Amino acid sequence: MANEEQPRDHAGGGDDDVYGDPELDGAPGRGDVESNLKSRSTWLRLLFMIVLAFIYGISRVVVGAVVVLQFLVVLFTGEVNERLRVFGKSLSIYTCQLLLYLTYNTEERPFPFDLDWPE
């Protein structure tokens, strides 16, 4: 992992980076705390994370509504509503994209920022 390129929202990565310091055993996250605290990209990411965490909360409610509606449609008609199924799939992919960003597994911000709405 030490050879991986640092994400664009991460502070540090310059020539004075401490990752190569043998006294620190190459442990990630032991960089200059002051530069991390002053990093504009770190605070900007926090802002995006707050907004996307709020959107994630809404998406959970909508996913629940889709589940209940689809069940009721199948219960009363015996068939799956195709439009609701397609919407449920795209909403599920979007929710996954939100979680990937919030857990630092990707640097691509989901819709409406970097990515389009999933199809």
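Modeller: Let's start with the helix pair: the axes of helix α2 (residues 40–77) and α3 come within 9 Å and cross at roughly 150°. Axes here are lines fitted to C-alpha atoms, for helices over the stretch in contact, with angles running from 0 to 180 degrees between N-to-C directions.

Biologist: Why is α2 called roughly antiparallel to α3?

Modeller: Angles over 145 degrees count as roughly antiparallel, under 35 as roughly parallel, 65 to 115 as roughly perpendicular and the rest as oblique. The crossing is at roughly 150°, so α2 is roughly antiparallel to α3.

Biologist: What residues make up the contact of α2 with α3?

Modeller: They divide into 18 nonpolar, four polar and two charged. Nonpolar covers Ala, Val, Leu, Ile, Met, Phe, Trp, Tyr, Cys and Pro, charged is Asp, Glu, Lys and Arg, and the others, Gly among them, are polar.

Biologist: How do you know how far to trust the chain?

Modeller: This is a predicted model, where local features need pLDDT of at least 70, side-chain atom pairs count only at pLDDT 80 or more, and totals for chains, interfaces and linings use all residues. Residues are numbered from 1 along each chain as its sequence is written, and side-chain values use heavy atoms, leaving out hydrogens and water. pLDDT is the predictor's confidence in each residue, from 0 to 100; the chain's mean is 82, and 74% of its residues reach 70 or more. Over residues 11–24, though, pLDDT stays under 50.

Biologist: Which residues does Thr106 contact, leaving aside neighbours within four places in sequence?

Modeller: Arg45, Leu100 and Tyr101, with contact meaning heavy atoms within 4.5 Å.

Notes. Helix = DSSP H or I, 4+ residues; strand = E, 2+ residues; numbered from the N terminus.
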